[in-house]
Amino acid sequence: MKQFRIKDNSITKKEDFYKVHNLVSCIVDKSLEQLEREGVFVFPELVKNCEDITKDQMILQSFNNYYRAGNVMGFIGMGDERIVIKSRFSGEKEDYFFQYLLERVLEVPNIVNLYTDASQDNQLYNLLLFLFPHYLKAAIRKGLFKTYIRREYNDTNVKGNIDIARHIKKNIPFVGKIAYSQREYAYDNYLMELIRHTIEFIKSKSYGHKLLATIKDEVDLVVSATSDYREVDRRQIIIKNQNKAVRNAFFQEYRSLQQLCILILRNEKHQFGLGTRRVYGILFDGAWLWEEYVNMLIGDKFYHPMNKGGYGAQWLFNGKGLIYPDFIGMDHTHRVVADAKYKSVENIGNKDYLQVLAYMFRFDAKKGYYLYPESNDGEEVELFLNTGVSFEKNVKTRDDISVIKHGLKIPNGSSSYNDFKVMIRKHEEEFKSTMKL
């Protein structure tokens with residue numbers, strides 16, 4: 001396996017990618033939306049009808065003699081070439097910050113250290129398995145998937161189409177039974193069977209029962225709905241789901257779950273595209289993970305519109321100018337807006353200023369925040385808005401409107417993952433207590 005490691009938001013010389021040049025040629029300057037269409041599993045799934053810069057985000061962007069990495073973390077490969085994208089806060093071997101984000105935001109249990117496993121295939125596979133509870137929960141919220149299926153019968157209660165060939169095979173000499181088939185609307189269908197097969201496969205893992213314990217009610221619903229489950233049917237069920245993707249927009253969550261289940265079951269014996277030209281992988285949008293993580297820290301004081309799900313949309317004008325500010329303060333007398341930025345403080349610049357100032361103007365806020373992960377012991381920076389016009393030589397600084405760059409210190413040099421968690425939880429308390437609300 002030819003493997004190359006990079007970090008998110010990094011710049012690397014093109015010549016350094018020589019071991020994985022075939023893979024790079026297939027993914028460079030392609031957006032996540034394009035890669036998702038080619039079969040790469042992107043989390044969270046891209047919502048096409050929402051304005052969101054992440055769908056245009058690239059894994060690698062070419063400029064001059066360098067490649068620039070974006071906010072994406074995870075794995076991507078083709079044939080025997082693979083690129084591992086770690087968080088920029090990772091160490092030589094471990095990536096505690098990425099693991100911590102997954103554990104907090106997706107409730108991924110700390111069962112297997114994703115980056116110390118000897119097998120890279122197992123690392124990738126563990127990510128797939130740990131995503132299953134999240135996707136099953138989201139799908140079951142829509143209710144159990146129900147669709148038309150055709151069942152075969154051989155009895156005296158004929159209700160459908162008589163199957164002559166099967167009747168001759170089964171009922172000669174004639175004993176009173178008729179072979180027929182009937183189209184029925186049922187829960188026990190190809191997709192629910194696929195989910196059941198995935199559940200049973202996860203149960204076979206050493207940590208499977210602990211993983212599924214977080215979704216016990218959802219698992220029980222699937223098991224009770226799939227009375228026709230037989231382990232020997234697994235290959236046939238996988239093929240049927242590959243050929244019959246969920247199309248109904250209402251069941252989009254089931255479409256994503258279907259893709260995940262196929263990846264898990266199909267790669268049980270065939271590890272992730274080896275020997276093929278197909279691009280494969282799992283990619284996590286670091287900006288989304290960071291935003292959801294920040295919401296867990298400050299959500300008791302802020303509204304959190306979610307552009308991925310189309311929840312909490314705001315308008316600049318009457319029906320015009322749809323916006324999704326990251327956070328809107330709940331205190332309407334001293335309104336504050338905040339923008340989560342998964343990038344280093346020096347890269348928060350002009351476009352970011354314009355965006356948060358527009359939000360501040362829209363919500364009559366005197367104070368705005370940039371909330372970002374901090375790798376150093378940097379101090380909070382408060383920028384006060386100017387007034388006046390340079391042509392009239394009357395520019396001066398206001399003291400009532402400002403934006404603040406407020407960083408959360410990410411520990412480095414931790415001796416273990418548990419040590420990292422103790423340290424970052426202290427930093428979380430400092431992060432919350434020092435916000436001037």
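Let's start with helix α3, residues 96–105. Nine of its 10 residues are buried, so α3 is largely enclosed by the rest of the structure. Buried means under 20% relative accessible area, with exposed over 50% and partly exposed in between, using a 1.4 Å probe and protein chains only. The buried ones are Tyr-96, Phe-97, Phe-98, Gln-99, Tyr-100, Leu-101, Leu-102, Glu-103 and Val-105. Just after α3 comes Glu-107, with a positive phi of about 55 degrees. When I say helix or strand, I mean DSSP runs numbered from the N terminus: helices are H or I with at least four residues, strands are E with at least two.

A word on the source. This is a predicted model, where local features need pLDDT of at least 70, side-chain atom pairs count only at pLDDT 80 or more, and totals for chains, interfaces and linings use all residues. Residues are numbered from 1 along each chain as its sequence is written, and side-chain values use heavy atoms, leaving out hydrogens and water.

Now, how does α3 sit against α13? Their axes come within 11 Å and cross at roughly 70 degrees. That makes α3 roughly perpendicular to α13. Axes are lines fitted to C-alpha atoms, for helices over the stretch in contact, and angles run from 0 to 180 degrees between N-to-C directions. Under 35 degrees is roughly parallel, over 145 roughly antiparallel, 65 to 115 roughly perpendicular, and the rest oblique. On the α3 side, the residues that meet α13 include Tyr-96, Phe-97 and Tyr-100. On the α13 side, they include Tyr-417, Phe-420 and Ile-424.

Helix α13, residues 417–433, also packs with α11, residues 286–298. The angle is about 70 degrees, and the axes are 10 Å apart. So α11 and α13 are roughly perpendicular to each other. Here Tyr-293, Leu-297 and Ile-298 in α11 meet Ile-424, Glu-428, Phe-431 and Lys-432 in α13.

Next, the aromatic rings. The structure holds 23 aromatic pairs. Rings of Phe, Tyr and Trp (its six-membered ring) pair if their centres lie within 6.5 Å; planes under 30 degrees apart are stacked, over 60 edge-to-face, the rest tilted. Take Phe-89 and Phe-97. Their centres are 5.1 Å apart and their planes at 75 degrees, so the pair is edge-to-face. Phe-89 is buried, at 12% relative accessibility. Phe-97 is buried too, at 1%.

Phe-145 and Phe-251 also pair edge-to-face, because their centres are 5.1 Å apart and their planes at 75 degrees. Phe-145 is in the loop between α4 and β8, and Phe-251 in the loop between α9 and α10, so the pair ties together parts 106 residues apart in sequence. Phe-145 and Phe-251 are both buried.

Which residues do ring pairs link into a cluster? Phe-89, Tyr-96, Phe-97, Tyr-100, Trp-290, Tyr-293, Tyr-417 and Phe-420.

Last stop: Pro-373, in strand β17, residues 367–374. Pro-373 is buried, at 3% relative accessibility. Pro-373 and Lys-343 are 30 residues apart in sequence, yet 7.1 Å apart in space, C-alpha to C-alpha. Leaving aside neighbours within four places in sequence, the contacts of Pro-373 include Arg-88, Phe-89, Trp-290 and Tyr-342. Contact means heavy atoms within 4.5 Å.

The charged end of Arg-88 sits over the ring of Tyr-342, 4.4 Å from its centre. That label needs NZ of Lys or CZ of Arg within 6 Å of the ring centre and within 35 degrees of the ring normal.
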